[in-house]
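Subject: Structure handover

Hello,

Here is the structure I promised to pass on. Please open it alongside this note, which walks through the findings.

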Amino acid sequence: MPTLYHPPHPSSSLFLKTPNALPIMEAPPPSSSSHPHIITYTQTPPPPPPQPPSGSASASPSRYESQKRRDWNTFGQFLKNQRPPVALAQCTCHHVLDFLRYLDQFGKTKVHQPGCMFYGQPEPPAPCTCPLRQAWGSLDALIGRLRAAYEEHGGSPQTNPFAASAIRVHLREVRECQAKARGIPYKKKKKKKPAFPRGGGGSSSASGSGGGGFGHDDHAPSSSSSSSPTMMIRFS
């Protein structure tokens with residue numbers, strides 16, 4: 001049986017002594033893995049999402065603050081639309097009065113004119129052609145928010161155009177005009193005095209007020225107020 005030829009192993013001494021032998025390539029260092037030629041990748045977990053800041057900073061602004069910011073932006077846009085535009089430092093009470101009259105076109109309160117047949121009626125039985133106006137309560141609250149916003153934006157309280165006496169006079173005239181036109185008088189709500197204990201000196205004062213169970217006469221119903229409803233509003 002003929003002998004088979006087996007080529008020498010590259011690491012044998014015979015292969016190294018051969019002139020035409022190829023250079024020996026060093027093998028990579030042994031790996032602890034069973035598959036040394038397989039590269040494994042380690043996936044790094046993604047960072048956690050940022051947490052919102054805790055405390056009052058994360059809380060959304062209140063309804064009052066949001067409305068105050070919208071009112072301030074509306075007033076600033078009104079000044080820019082003037083011809084020529086008016087800077088905030090040059091704003092006076094006359095610009096504020098023009099702004100209040102400008103807002104009347106967006107009002108939703110029916111204010112009867114003196115010649116209207118429903119003048120002075122709180123609940124007219126039929127519609128009329130009298131214009132819609134901004135209610136006095138809405139204007140009063142608006143001026144309060146703008147007065148605070150003016151000082152928050154660096155304005156001086158001494159030069160605050162929203163706190164001028166002309167603004168207070170205008171609001172009082174609007175209140176009286178709407179009260180007469182709508183037949184709804186506005187009365188200042190008085191603070192209630194603490195009730196006297198039973199059996200004490202309060203029995204004589206209660207009996208002196210008419211024996212109706214009211215602390216004083218301003219809270220007792222009168223014949224004039226029974227004919228028309230009364231809106232009690234606290235003045236700021």
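First, a term you will need: a nonpolar core is a set of buried Ala, Val, Leu, Ile, Met, Phe, Trp, Tyr and Cys residues joined through side-chain atoms within 4.5 Å. Please keep in mind that this is a predicted model.

**The core**

The largest nonpolar core has 24 residues. Phe75, Val96, Phe99, Ile143, Leu146, Phe162 and Ile167 have the most contacts inside this core. Helices H2 (63-80), H3, H4 and H5 each give two or more residues to the core. H4 supplies the largest share, seven residues. As background, nonpolar side chains in soluble globular proteins tend to be buried together.

Leu146 is worth a look. Leaving out residues up to four places away in sequence, Leu146 touches Asp71, Trp72, Phe75, Phe99 and Phe162.

**The overall layout**

The protein has seven helices and four strands. From the N terminus, the order of elements is α-α-α-β-β-α-α-β-α-α-β. The chain has 236 residues, and 22% of them are buried. Take the contacts with a separation of 6 or more: 61% of these join residues 24 or more positions apart.

**How the helices pack**

Start with H4 (residues 136-152) and H5 (residues 165-182). They pack at about 165 degrees, and their axes are 9 Å apart. Angles over 145 degrees count as roughly antiparallel, so H4 is roughly antiparallel to H5. The crossing of H4 over H5 is left-handed. H4 contributes Trp136, Leu139, Asp140 and Ile143 to the contact, and H5 contributes Ile167, Leu171, Val174, Arg175 and Gln178. By type, the residues of this contact are six nonpolar, one polar and two charged.

Next, H3 and H4. Their axes come within 12 Å and cross at roughly 140 degrees. That angle makes H3 oblique to H4. Here the crossing is right-handed. On the H3 side, the contact uses Val96, Phe99, Leu100 and Leu103. On the H4 side, the contact uses Leu139, Leu142, Ile143 and Leu146. The contact of H3 with H4 has eight nonpolar residues, no polar and no charged.

Then H2 and H3. Their axes are 11 Å apart, at an angle of about 105 degrees. H2 and H3 are therefore roughly perpendicular to each other. Thr74, Phe75, Phe78 and Leu79 of H2 meet His95, Val96, Asp98, Phe99 and Tyr102 of H3. The residues of the H2 and H3 contact split into six nonpolar, two polar and one charged.

**H3 up close**

Which residues of H3 are buried? They are Cys93, His95, Val96, Leu97, Phe99, Leu100 and Leu103. The buried residues of H3 pack against H2, H4 and H5.

Arg101 also lies in H3, which spans residues 93-103. Arg101 is partly exposed, with a relative accessible area of 47%.

Gln134 sits in the loop between strand E2 (132-133) and H4. Is Gln134 buried or exposed? Buried means under 20% relative accessible area. Gln134 has 17% relative accessibility, so Gln134 counts as buried. Apart from residues up to four places away in sequence, Gln134 touches Leu103, Asp104, Phe106, Gly107, Leu139 and Gln178.

Arg101 and Gln134 are 33 residues apart along the chain. Their C-alpha atoms are separated by 8.9 Å.

**Two loop sites**

Thr129 is in the loop between strand E1 (109-110) and E2. Thr129 is exposed, with a relative accessible area of 82%. The C-alpha atoms of Thr129 and Cys116 are separated by 8.6 Å, and the two residues are 13 residues apart along the chain.

Pro84 is in the loop between H2 and H3. What is the peptide bond from Arg83 to Pro84, cis or trans? That bond is cis, with omega near -5 degrees. For context, most peptide bonds are trans.

Best wishes

Technical notes. Residues are numbered from 1 along each chain as its sequence is written. This is a predicted model: local features need pLDDT of at least 70, side-chain atom pairs count only at pLDDT 80 or more; totals for chains, interfaces and linings use all residues. Side-chain values use heavy atoms; hydrogens and water are left out. Axes are lines fitted to C-alpha atoms, for helices over the stretch in contact, and angles run from 0 to 180 degrees between N-to-C directions. Angles under 35 degrees count as roughly parallel, over 145 as roughly antiparallel, 65 to 115 as roughly perpendicular and the rest as oblique. A crossing is left-handed if the near helix is turned anticlockwise from the far one by less than a right angle, and right-handed if clockwise. Contact means heavy atoms within 4.5 Å. Ala, Val, Leu, Ile, Met, Phe, Trp, Tyr, Cys and Pro count as nonpolar, Asp, Glu, Lys and Arg as charged, and the others, Gly among them, as polar. Buried means under 20% relative accessible area, exposed over 50%, partly exposed in between (1.4 Å probe, protein chains only).
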